[in-house]
Amino acid sequence: MQRRQFIQTSSIALSTSPWLGNAWAQGSMPHNMAAMPGMAGMHSGAAAATALAPVEAMAAGAPLAELKKLVNTSRQPGVFRATLRAAPVSLAVMKDGTPTEFWAYNNSLPGPLIEVMEGDTVEIEFINALPQPSTIHWHGLPVPPAQDGNPQDAVPAGGRRVYRFKLPLNCAGTYWYHPHPHGFTAEQVYRGLAGLFIVRTKNDPLKGIPERHLVCSDLKLGADGHIAANDMNDEMNGREGQFALVNAQRQPVLTFDAGGRERWRIWNANSARYLRLSLPGATFTLVGTDGGLLAKPVTGLTELLMTAAERMEVIVEAPMGGGKVGLVTAPVERGKMGEVPPESPITLLDVDFSAVQPERLAALPKLPGTLRRIQPLGAVKAKKRVVFSEEMSMAGGVHSMKFLVNGQNFNMQRVDFTSRINEVELWEIANESDMDHPFHIHGVQFQVVERELDGQVTPEPLLAWRDMVNTRSGEIVRVKLVQRHKGLRMFHCHILEHENAGMMGQVNVI
Ligand SMILES: [Cu+2]
């Protein structure tokens with residue numbers, strides 16, 4: 001079926017037959033998932049468009065909160081030891097005090113920040129007090145597969161386990177953690193389970209610049225204050241909540257450092273929303289990507305485009321004139337399907353520059369011209385090809401939409417690729433679908449080599465370590481990577497609804 005036809009029929013179905021969404025949701029999932037506990041919400045809630053709370057239902061304008069840190073209980077140097085407990089928690093985030101039941105790590109939204117040094121050993125006891133199996137996946141971190149919260153290693157409801165890994169040198173960067181159980185990831189993340197992870201290095205070239213942490217996430221609440229279930233649009237396009245938050249606050253105020261320069265670590269912790277960030281009057285200097293600092297800063301940027309799950313580090317310098325400026329995210333055209341209401345820019349945060357003393361900025365030392373040594377990955381020993389595609393059908397009057405990797409749905413029992421440890425591989429990710437899909441692979445950072453669109457190849461200008469890269473409709477992205485641990489690794493689209501629907505594969509490293 002052609003895409004246009006599908007869009008027409010799907011919009012009719014949405015407006016006239018609320019129950020069709022059920023059939024659609026079932027048709028889009030592997031059979032065994034329909035029987036899983038917790039999937040019930042997707043079926044019963046998928047059809048009717050819930051009446052949503054107005055954006056004003058959440059207060060705005062509070063000072064930006066600092067992230068809560070996870071306290072290290074170890075007294076041994078070089079060891080970080082703590083507990084993360086995932087559990088339901090009732091929090092009042094709406095103005096009128098209506099409580100919302102979230103699922104959170106240590107009752108915190110977002111989950112607490114883990115801060116460690118390169119070379120540290122990390123030991124996290126995970127307590128699963130959720131009504132579903134769960135895991136903790138250490139997104140982007142070079143940890144062994146058995147400690148990486150794979151879907152195969154689910155911790156049952158009521159269970160617990162310890163994740164233990166030693167971080168290598170040269171992995172300082174901006175990471176995060178979230179659940180990764182088969183079939184439950186999207187729901188657990190949108191209910192609030194996601195936390196932050198920073199690895200620091202002893203020789204930080206940007207030491208001394210005040211640092212900010214901005215975690216962008218969204219929240220979809222019904223008018224009654226409950227977390228809304230996914231509707232058909234969410235399942236198709238990825239869930240985007242009406243509340244676009246920073247550090248779990250709606251449009252907070254950041255009072256900029258008087259010296260006029262800050263280092264921002266920005267997380268796109270949204271399930272699906274891409275960010276196109278700008279701060280009128282100010283420019284960004286990009287200094288880091290998912291896997292840490294760049295080789296050299298990139299100056300003069302007016303926009304930052306971040307796919308879901310991507311992180312960036314930027315240096316922000318105060319614009320002339322002071323005052324308050326909004327950090328705005330503009331809509332990103334990513335090929336959404338169905339009837340999508342018009343989107344407008346959202347102010348995520350107000351930045352108050354009024355305390356800045358311009359003469360202090362003039363007196364600051366210049367940013368270093370080089371930040372870190374990044375060696376380009378060398379000669380390729382093996383190649384892999386990943387094809388993202390979508391399949392739509394109206395067979396038997398039932399909407400069915402599949403999100404596929406190499407023509408197949410995810411199957412935990414099937415190994416899609418085999419890789420050899422310590423070999424440079426070229427992965428070609430071809431997006432043969434109508435939507436953009438952000439590619440992610442576990443346990444490694446890759447280097448983007450080039451992008452090809454309509455036969456035109458553009459070499460990647462940035463030498464950078466990443467674990468997220470967008471693939472546009474019709475685009476082919478080529479990346480180089482090296483696996484450093486033996487075992488099973490997942491790779492998938494990081495629009496969590498697509499991953500949940502099976503746009504995921506696994507590679508066994510031998
Ligand atoms: Cu996707």
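Predicted model: local features only at pLDDT ≥ 70, side-chain atom pairs only at ≥ 80, totals over all residues.
Visitor: OK, metal first. What holds the copper ion?
Guide: His 437 through ND1, Cys 493 through SG and His 498 through ND1, at 2.0 to 2.1 Å. Donors here are N, O and S atoms within 2.8 Å of the metal (3.2 Å for Na, K and Ca), and water is not among the atoms, so sites may look incomplete.

Visitor: How are those donors spaced along the chain?
Guide: The pattern is H-x55-C-x4-H. His 437 sits in strand 25 (residues 437-441) and Cys 493 in strand 30, so this pair ties together parts that are 56 residues apart in sequence. Strands (E, at least two residues) and helices (H or I, at least four) are DSSP runs, numbered from the N terminus.

Visitor: Are His 437 and Cys 493 buried or exposed?
Guide: His 437 is buried at 0% relative accessibility, and Cys 493 is buried with 0% as well. Buried means under 20% relative accessible area, exposed over 50%, and partly exposed in between (1.4 Å probe, protein chains only).

Visitor: Switching to charges. How many salt bridges are there?
Guide: The structure holds 35. The cut-off is a side-chain nitrogen of Lys or Arg within 4 Å of a carboxyl oxygen of Asp or Glu.

Visitor: What does Asp 148 pair with?
Guide: Arg 489, with the closest N and O atoms 3.3 Å apart. That links distant parts of the chain: Asp 148 is in the loop between strand 5 (137-139) and strand 6 (160-166), while Arg 489 is in strand 30 (residues 487-493), 341 residues apart. Asp 148 is buried at 0%, and Arg 489 is buried at 1%.

Visitor: And which residue does Arg 265 bridge to?
Guide: Glu 313, at 3.6 Å between the closest N and O atoms. Arg 265 lies in strand 13 (residues 261-268) and Glu 313 in strand 18 (residues 311-317), so the pair ties together parts 48 residues apart in sequence. Arg 265 is buried at 2%, and Glu 313 is buried at 1%.

Visitor: Now the greasy bits. How many residues are in the largest nonpolar core?
Guide: It has 36 residues, and those with the most contacts inside it include Leu 214, Trp 264 and Leu 349. The largest share, four residues, comes from strand 18. A nonpolar core is a set of buried Ala, Val, Leu, Ile, Met, Phe, Trp, Tyr and Cys residues joined through side-chain atoms within 4.5 Å.

Visitor: What does Leu 349 touch?
Guide: Among its contacts are Leu 64, Leu 214, Val 246 and Pro 252, not counting residues up to four places away in sequence. Contact means heavy atoms within 4.5 Å. Apart from that core lies another, of 31 residues, among them Tyr 274, Phe 388, Met 401 and Phe 439.

Visitor: Last one: how many disulfides?
Guide: Zero in the whole structure, a disulfide being a pair of cysteine sulfur atoms within 2.5 Å.

Technical notes: Residues numbered from 1 in each chain as written. Heavy atoms only, no water.
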